[in-house]
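Subject: Structure handover

Hello,

Here is the structure I said I would pass on. My notes on it come after the structure itself.

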Amino acid sequence: MSEPPQLAKPVTIAVRDVWKSYDGQPVLRGVRLEVLAGETLVIIGGSGEGKSVLIRQIIGLETPDHGEIRLNDSTVAEYRRLPMEEKPFRASMVFQTSALLNSLTVAENVSLALREHRSATREEIRGIVRECLEQVDLAGTEDKMPAELSGGMRKRVAIARALAVRSDLILYDEPTAELDPLLTEEVGALIRRIQDRRRPTQVVVTHNLPLAREIADHVAVLRHGEIVDYRTGDDFFHSEHPHTRNFLRAARVV
Amino acid sequence: MAQATDSARSSLRAPPGVVAALGRGTLDVLQIVGECVSLLAATVWHCRSAGRHLPKIVTQLLLVGSETLGIAALVSLFVGMVMVVQAADQLANYTQEVLGSLVGLAMTKELGPVIMGFIVAGKSGSAVAAEIGSMKVYEEISALRTMDIDPVPFLSMPRFLAMTLALPMLVLYSDVIGILGGTLVVALDPTISISVSQFLDNLTEWLNLTDVLVGLVKGLVFGMLVSIVACTFGFRTSGGAEGVARATTSAVVWSFVAIIIADFVIVRVAFLFFPATPK
């Protein structure tokens, strides 16, 4: 009998009055948001509303002009400064472009962080890669190059890369962008499966409403750089907020 | 009258435009130089962990070699040959006995290092700028950062060490092939009045170890410059495929300029320590 998966460490996110501008144009205007430990929050919004900018601030790729983001007790900057082995939890991001290293094989991509930080032996790494690829239904693709994979497969390899470091916080930037409805459903089911298995905190940025319906514990709506609506996953589809209603109507969900 | 006033206005407006453009250009140049210096310092600092990245360094070294050996041989051979043909024609009324020293000194001290620097900048430097530029545009570098993998030891340091080690070796290779090209012309061209042994005797009489070493030092410095310039332009890439193309072209142009400036500085410094003495 296989061992039950180890649960993720609880990670909460507190976004407090975050502002971010580019060339004097404000993109985020005082965003406030709480993400509970172990939940999946979906951030919905149209193109150019600042969804990707927001999760880039949460993972620490960019710094807010004003306000702060806390991951548990530390700010993002404090968390990022810690060396890998001293970090109290692991955070990963799945990029819209998948961001796989094209010169590395699938197995090398999945195990990249483990190899670079020497956090496991070769034998252990082989086992982790096999296990993670099985979880994303890509067993047997270890030696393939990213260029040989379809868009959906690349996305799943990127998710396997996040799983390989036992991430306690996973951020997804448009995980279903450029995927057909069937692949979208597959990726949605995968995110749900990860949620059920280890309960990491997950933030998913998307404008795909069927995906949100499938995975969201909470939904936040971002418009013109502000959170204008925040509800549980079930309530969201019955929201009376005018912008949310418009968004749902345009997507033919209501 | 109105026309005259307009013309006066536009001539009044023109200087601030030119000055502003000049100022912006100067600031851009200073910013790029600053980024290069900063990346050089970070890369040199991370060279202490070179042992950990040995496979990447060897891969890059082999890549530089495989990309440049063929073209380097061809160019060096013909440069040596052309030099003998040109010099022989100019010296026809004096003496062609100095051809050996002329080819030997020019190849080892100047042409070998500069030509190899240009070839590595054009082949490997452009490839590095395009590779890192694409990685930047497709968020692969951001992905590395989220995994706490520093792009400097991961990407810049192996390329820096590979090019810095490869260029002196390529300079030696170019010296030998260039001299071989000159020797071939001396042996085969009926208009040249000296024999191959006279050519080689004159070359060995005048060429000393210091000349070869100065060429190798130039190769070392050019390797550092080309790799750092290529990585800097790769890391500062933005704006999709067009941005990658722009970064690649800029990396090559900046490398050429840096090589020429560094060449002048090294020559001046070399003459301070090893002044040319008549034999």
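This is a predicted model: local features need pLDDT of at least 70, side-chain atom pairs count only at pLDDT 80 or more; totals for chains, interfaces and linings use all residues.

Chain B

Chain B has 8 helices and 0 strands. Read from the N terminus, its elements go α-α-α-α-α-α-α-α. The radius of gyration of chain B is 23 Å, well over the 19 Å that the globule rule gives for 279 residues, so the chain is more spread out than a compact globule. Along the principal axes, its C-alpha atoms fill a box of roughly 70 × 70 × 35 Å.

Of the 279 residues in chain B, 43% count as buried. The chain has an accessible surface of about 14,000 Å², and carbon and sulfur atoms account for 71% of that. If we take the contacts in chain B between residues at least 6 apart in sequence, 84% of them join residues at least 24 apart.

The patch on chain B

There is a nonpolar surface patch of about 1,000 Å². Its members are V253(B), F256(B), V257(B), I261(B), F264(B), V265(B), V269(B), L272(B), F273(B) and F274(B). One of them, F264(B), sits in helix α8 of chain B, which covers residues 240-273. F264(B) has a relative accessible area of 57% and is therefore exposed, the cut-off being over 50%.

H218(A)

H218(A) belongs to strand β9 of chain A, residues 218-223. Its relative accessibility is 16%, so H218(A) counts as buried, for which the value must be under 20%. The side chain of H218(A) makes a polar contact of 2.6 Å with the side chain of E39(A). Leaving aside residues up to four places away in sequence, H218(A) touches L36(A), E39(A), T40(A), L41(A), V42(A), Y230(A), R231(A), T232(A) and G233(A).

T97(A)

T97(A) is placed in the loop of chain A between β6 (91-94) and α3 (106-110). With 33% relative accessibility, T97(A) counts as partly exposed. What does T97(A) touch, not counting residues up to four places away in sequence? The list is R154(A) in chain A, and Y138(B) and E139(B) in chain B. T97(A) and R154(A) are 57 residues apart in sequence, and their C-alpha atoms are 8.8 Å apart in space.

Regards

How values were computed:
Residues are numbered from 1 along each chain as its sequence is written. Chains are lettered from A and ligands numbered from 1 in the order in which they are written. Side-chain values use heavy atoms; hydrogens and water are left out. Patches are made of residues with over 30% relative accessible area and no salt bridge: like charges are joined within 9 Å, nonpolar side chains (Val, Leu, Ile, Met, Phe, Trp, Tyr) within 5 Å. Accessible areas come from the Shrake-Rupley method with a 1.4 Å probe; for residues, only the protein chains shown count as cover. A salt bridge is a side-chain nitrogen of Lys or Arg within 4 Å of a carboxyl oxygen of Asp or Glu. Helices (H or I, at least four residues) and strands (E, at least two) are DSSP runs, numbered from the N terminus. Buried means under 20% relative accessible area, exposed over 50%, partly exposed in between (1.4 Å probe, protein chains only). The radius of gyration is taken over C-alpha atoms; the globule rule is 2.2 Å times the number of residues to the power 0.38. Contact means heavy atoms within 4.5 Å. A polar contact is a pair of N or O atoms within 3.5 Å; within protein, one must be able to donate a hydrogen and the other to accept it, and residues adjacent in sequence count only if both atoms are side-chain atoms.
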